[in-house]
Amino acid sequence: MLEKVLFLLCLTPALAQEPCFPGSSHAYKVRISIKTALGNQAYVWNDNEMYLFRAAMAFALRSYHNGQEFNVSNIMVCNETPRVSFWFVVSSPENSSVLLKKGDVENAIRKSRNRINGAFLLTDQTLEFIDIPPTLAAPVMPVTPPWLIVFGVVMGAVGAGIIFLLVSSLVQSKRKKNKKTLDEDREDMRGIENGLGCDNLGGVYNTTFSDGDKFTPM
Amino acid sequence: MDKGGSRPNWDSPMQFVLACVSYAVGLGNVWRFPYLCQMHGGGGFMIPYLFMLLVEGVPLFCLELAIGQKMRLGSIGAWTAISPYLGGVGLASVMASLYLCLYYNIINGWSFWYLFHSFQSELPWAECPLNANLTGPLEECEKATATQYFFYRETLNISSSIEENGGVHTGQALCLLLAWIVTYLFIVRGVKSTGKVVYFTATFPYVVLIIYLIRGVTLHGAINGVKYMFTPKMEQLANPTTWINAATQIFFSLGLGFGSLIAFASYNEYNNNFERQAVIVSFINSGTSIFASIVTFAIYGFKATVNYENCLERVRLLLLNAFNLAEDTINMDNIFEWMERLNQTHPQQFAELDLGNCDLTQELDKAVEGPGLAFIVYSEAIKNMPLSQLWSVLYFFMLLLLGMGSMLGNITAITTPLRDFKIFSSVSVEVLNGLVCLFCMLLGLGFTTTSGNYWFTMFNDYGATFSLLFVVLIEVITVSYIYGIKRFEKDIEDMIGHRPNWYWKIMWAGISPILLIALFIFYIANYIMGGTPTYMAWNKDLGTSEVTPYPVFGQVFIVLLLASSVSCVPLTALYAYCRKRKRSHHKRQPTVSTLSA
């Protein structure tokens, strides 16, 4: 009996440490790329940052599951690498041996993703939760596609240009027609100087200087 | 041949030269010549190119200008005047120009489309659009690249083969409409409008090219491209294809055989010195090709370097993530060392990684020509430049001007011969030009359907290539042997005051016809031995283009395209012959009646 109790006593803490291992059905892998995101202003990843991560996870779970008070101790981390990647599991606040299902954790993270990213000055691409695809921002679609606006402007300008050219050529051809009729009138008017016709001057037509070639040349 | 008359004229010889430059310098200088240069040994390609320019380009260009200026008629009238049996040559030119007009403005429509889409904070071809769940990019876009997706899916909405058809793409149709309206605006009064427009369309592309040259050579990695492309590979000179491609490039780049040059020259003063202008324009055209290829190679180098570095970055991330190393252990300098080290220490794990192959030379080797170069490769390079919207607007505006400039010549090649016919001379210039534009636009709408791009490729490859070789061959043989070199010499002396020297005569009578016959035979042999003609069909599941043979109706249509322009020559000759026989029949009868009176 005593051995059984001792065995169980030894087993429980072992079980308590077991839950976080890579590939576990309850664990998520996180990969952080600080230098890619921040370049020169990158901070060093240390235990304090890890504490902040666990606190952020607890915050996310608290805001998703209203009422349940998650603590930093509920977030267990293991397998940290120099890449800065690690695995974590979440245990329930009521019973620390029960691990939360992946679906719940995922939804909680999804809901507070921006806040988590903000806490670390990172983005969806540099703070990656493997297997949780980021919900990408929906593209902003303006009511009128912008290209139509530019198209309308250019079309209007070109159309105005054509109408102007056509109208001006119509006007020009009308002017030419008027000029032609004017010229014809002027030819008729040649004999009428000062509005008086030669016939009306009352003179006699002198035939000596007419250039009639009725007479045989010498 | 009336020397004065009411034929409209260019305001000055400069307008004529600029019109020829605007016509000859077109999209082919930007998207065909750099490809040929790359394929045929870089700097070494200059040798066959310049040789063909002197032997084929300049003489044939001068020939067409001489004919146009002498006859003062469009292509149909000019050839009928030279010989009544050869009016068909002019008609074949007009047919080829018509086919060209139908599909060429589609390219201008694309330029407008891309130009308008550049006025956004984020260029639409820079990133893939998201899928319905907003979890990642669209599948088709991920398999291809974002620029390819934008071209094939959003611009063309292309179907998967020439047999499948859908509706008209509204955006494309609108852009095509705008392209035709702008074309009409440029030619509405005939030569009077065209003459003013060419001041801009001929000169502004050079401004953009210079700006791009400065921007291009200062880009990161551009020097790789220029060095790679211009290193001459002299062994390519032994390849006959190099010389043939140089000849065809000169031929099509100068726009010979369409009748545009004859049309432009017909509006010249009788004593205009076209000989000097022919040399100037031909050299400007070739010079522009070389200049544009420097810019293109700089852009290629930039794009290849960016892709190469992105590839290396991807490999670096993969290595970091797979082996859980700290972020700053691997950088661009030691990545290859690390790859070797990791391969040795963890061979199995390393082999499982899908690293791909990052090779700068392979990136530079990717040779593209045609619309793919202009709209896909260039836009990919532009999206990586800082201030990409500005460069995009500049670039597509330049493409637009190049295309519009060539379009002026193409349309003039149709309207000028039409005006020479008595039926149309009573119709005003504006109305005739408007009707031609309207007709071409309505037929061109067929190219804006989902399978339209495949028809476009068919027209581009077969509509005006073989028939032009035929036309120009007949032209040069006619002028040299049927009309006679001696008569032609006298005409030229009449126009410009001195006889053409021995260079011109040797080229016209001897070398150019031989060269054209060789090209002609090569084309026929290629067509016969090439088997079923094929085209590149876009496979949306794989995200690439695949070689697909044309279906039966497609092949029949190709034959129709070729036959319809080529057959104009023999058919018109036959028609003229029949008419002459009828006339001589009628002439015999009246002699009997006058004697009896």
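Select Arg499 and Glu489 in chain B of this predicted model. Their side chains meet in a salt bridge, with N to O at 3.5 Å. Arg499(B) lies in the loop between α24 and α25 (502-529) of chain B, while Glu489(B) lies in helix α24, so the pair ties together parts that are 10 residues apart in sequence. Now colour the two by accessibility: Arg499(B) is partly exposed, with a relative accessible area of 37%, whereas Glu489(B) counts as buried, at 5%.

Together with Glu489(B) and Arg499(B), they are linked in a network of salt bridges.

**Next stop: Lys70(B)**

Stay with helix α24 of chain B, and select Asp491(B) and Lys70(B). Here is another salt bridge, this time 3.6 Å from N to O. The pair links distant parts of the chain: Asp491(B) sits in helix α24 (residues 485-496) and Lys70(B) in helix α4 (residues 46-71), 421 residues apart. Are these two buried or exposed? Both Asp491(B) and Lys70(B) are buried, and for Lys70(B) the relative accessibility is 12%.

Asp494(B) counts as partly exposed, at 40% relative accessibility.

Zoom in on Val25(B), in the loop between α1 (13-24) and α2 (27-31) of chain B. Val25(B) counts as buried, at 6% relative accessibility. Which residues does Val25(B) contact, leaving aside neighbours within four places in sequence? They are Tyr206(B), Asn285(B), Thr288(B), Leu402(B) and Ser406(B).

From there, move to Asn285(B), which lies in helix α14 of chain B. Asn285(B) is buried too, at 2% relative accessibility. Not counting residues up to four places away in sequence, Asn285(B) touches Ala24(B), Val25(B), Asn29(B), Ser253(B) and Leu254(B). Look for the polar contact between the side chains of Asn285(B) and Ser253(B), at 2.9 Å.

**Next stop: where chain B meets chain A**

Zoom out and show both chains. Here 29 residues of chain B are in contact with 31 residues of chain A. The area buried between the chains is about 2,700 Å², and carbon and sulfur atoms give 70% of that area. How many salt bridges cross the interface of chain B and chain A? The rule finds zero, but the count of residue pairs in polar contact is six.

To see the chain B side, select α6 (87-117), α9 (170-187) and α14 (274-323), each of which supplies at least two residues of the side that touches chain A. Helix α9(B) gives the most, with nine residues. The residues of this side divide into 18 nonpolar, seven polar and four charged.

**Last stop: chain A**

Finally, select residues 147-171 of chain A, listed by an unreviewed UniProt entry as "transmembrane region". The span is 100% helix, and its end C-alpha atoms lie 36 Å apart.

Definitions and conventions. Residues are numbered from 1 along each chain as its sequence is written. Chains are lettered from A and ligands numbered from 1 in the order in which they are written. This is a predicted model: local features need pLDDT of at least 70, side-chain atom pairs count only at pLDDT 80 or more; totals for chains, interfaces and linings use all residues. Side-chain values use heavy atoms; hydrogens and water are left out. Contact means heavy atoms within 4.5 Å. Buried area is the accessible area (1.4 Å probe) that two parts lose on being put together, summed over both. A salt bridge is a side-chain nitrogen of Lys or Arg within 4 Å of a carboxyl oxygen of Asp or Glu. A polar contact is a pair of N or O atoms within 3.5 Å; within protein, one must be able to donate a hydrogen and the other to accept it, and residues adjacent in sequence count only if both atoms are side-chain atoms. Helices (H or I, at least four residues) and strands (E, at least two) are DSSP runs, numbered from the N terminus. Ala, Val, Leu, Ile, Met, Phe, Trp, Tyr, Cys and Pro count as nonpolar, Asp, Glu, Lys and Arg as charged, and the others, Gly among them, as polar. UniProt positions are given in the numbering used here, feature names are shortened, and annotations may be inferred rather than shown by experiment. Buried means under 20% relative accessible area, exposed over 50%, partly exposed in between (1.4 Å probe, protein chains only).
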